[in-house]
Amino acid sequence: MRAVIQRVEKASVVILETEIAKIELGLLVLLGIEIDDAKEDALWLASKIAALRIFSDEKGVMNKSITESGGEVIVVSQFTLQAKTKKGKRPSYIKAARPEQAIPLYQQFKEDLALAIGRQVQSGEFGADMKVSLI
């Protein structure tokens with residue numbers, strides 16, 4: 001699994017002109033799932049993200065986790081994170097998991113992350129044409 005983790009003041013996901021997810025202070029997580037990934041990888045990554053001390057404390061030092069900051073989370077599937085670009089000019093997605101494998105792992109990751117932070121995790125829709133915004 002590969003994730004891009006972005007701290008945000010605000011973030012949202014829109015599909016077909018309908019806003020399906022919206023948060024204030026928190027994290028936007030773009031998640032790419034590879035063919036070799038398993039449930040254990042989802043649990044490890046969710047636990048790691050929940051524990052990362054990337055939010056400022058009262059002294060302005062990045063010393064708080066998402067749990068301690070009280071922030072929210074949106075998870076968005078992003079198969080392009082598995083792109084291989086070493087050869088040629090067209091990315092190869094040969095290592096990206098197919099939907100029948102990726103969807104259950106995506107759901108597992110969201111559940112594991114929700115348990116790790118102690119609150120609901122919002123998300124995009126796997127495979128949909130999403131408009132993701134962040135500040």
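Because the model is predicted, local features need pLDDT of at least 70 and side-chain atom pairs count only at pLDDT 80 or more, while totals for chains, interfaces and linings use all residues. Residues are numbered from 1 along each chain as its sequence is written, and side-chain values use heavy atoms, with hydrogens and water left out.

The structure holds two aromatic pairs, where rings of Phe, Tyr and Trp (its six-membered ring) pair if their centres lie within 6.5 Å, and planes under 30 degrees apart count as stacked, over 60 as edge-to-face and the rest as tilted. One of them joins F79 and Y93, whose ring centres are 5.0 Å apart with planes at 65°, so this pair is edge-to-face. F79 and Y93 are 14 residues apart, and each lies in the loop between β7 (72-77) and α3 (99-117); helices (H or I, at least four residues) and strands (E, at least two) are DSSP runs, numbered from the N terminus.

Strand β2 (residues 11-15) has four of its five residues buried, so β2 is largely enclosed by the rest of the structure. Two strands pair if DSSP finds at least two bridges between them, and β2 pairs in the antiparallel sense over five bridges with β3 (residues 18-23) and, also over five antiparallel bridges, with β9 (residues 130-134). I15 has T18 as its bridge partner in β3 and stands opposite M130 in β9.

Conventions: Buried means under 20% relative accessible area, exposed over 50%, partly exposed in between (1.4 Å probe, protein chains only).
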